[in-house]
Amino acid sequence: MNKKLKFTIAYLPVIIVTITICMISSCSNTDTTNTDNMVAIELALDAFVADLMINPPDSSTISDRVHDYLAKQPDSFFGATVTLLNTSGEAVYSPYWYRENGTLIEKNLVDDITYQIDDQDWLRIAIDEGEPFWTEPYFDAGGGNIWMQTYSVPVYIDGNIEAVATTDMKYAN
């Protein structure tokens, strides 16, 4: 089965299940907030990834595209990147835009050698598994420098993972 079709078919039930679980369970306010934010992030990032598949990202335009994507989102979307990969699946460019004091700030995660981008779960698992996923909550030292969760989605171009798109949310605990 085509990976794009597999992605589309596999992903849609996740949203329905997430919404249903929260609706029928007694979610706490924090759980409800996190769940609502997760659903909003999944919908927005999946739409962004669909656009990236139609109009493939490149290093000359991707920073502006990530900035524009994040600028249109609510403040619950803390940060976002699209990490461009080489043919070995290693990051070559990762313009990370995040919110700080009401403004959007950019840093290239590949340039920060202490961050070790190629070892980050949000990148590795998306590449290795080839499917969207949420990380467990973690403290992102060197990236956003907050407790967060990241939704990562591989970007397929001509059947190959050429990039990984992410959106981070502050983790409310």
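## Exercise 1: a ring pair

Phe 48 and Tyr 69 are both buried (under 20% relative accessible area, with a 1.4 Å probe and protein chains only). The model is predicted, with local features needing pLDDT of at least 70 and side-chain atom pairs pLDDT 80 or more, while totals for chains, interfaces and linings use all residues. Residues are numbered from 1 along each chain as its sequence is written, and side-chain values use heavy atoms, leaving out hydrogens and water.

**Task.** Work out why the pair of Phe 48 and Tyr 69 is stacked.

**Solution.** 
- Start with the total: the structure holds five aromatic pairs (Phe, Tyr or six-membered Trp rings with centres within 6.5 Å).
- The ring centres of Phe 48 and Tyr 69 are 4.6 Å apart and their planes meet at 5 degrees, so this pair is stacked (planes under 30 degrees apart).
- Distant parts of the chain are linked by this pair: Phe 48 belongs to helix H2 (residues 29-54) and Tyr 69 to helix H3 (residues 62-71), 21 residues apart (helices are DSSP runs of at least four residues, strands of at least two).

## Exercise 2: the surroundings of Thr 167

**Task.** Find the side chain that makes a polar contact with the side chain of Thr 167.

**Solution.** 
- Locate Thr 167 in strand E8, residues 160-170.
- Check its accessibility: Thr 167 counts as buried because its relative accessibility is 0%.
- The partner is Tyr 69, whose side chain is joined to that of Thr 167 by a polar contact of 2.6 Å (N or O atoms within 3.5 Å, one able to donate a hydrogen and the other to accept it; residues adjacent in sequence count only if both atoms are side-chain atoms).

Notes: Buried means under 20% relative accessible area, exposed over 50%, partly exposed in between (1.4 Å probe, protein chains only). Rings of Phe, Tyr and Trp (its six-membered ring) pair if their centres lie within 6.5 Å; planes under 30 degrees apart count as stacked, over 60 as edge-to-face and the rest as tilted.
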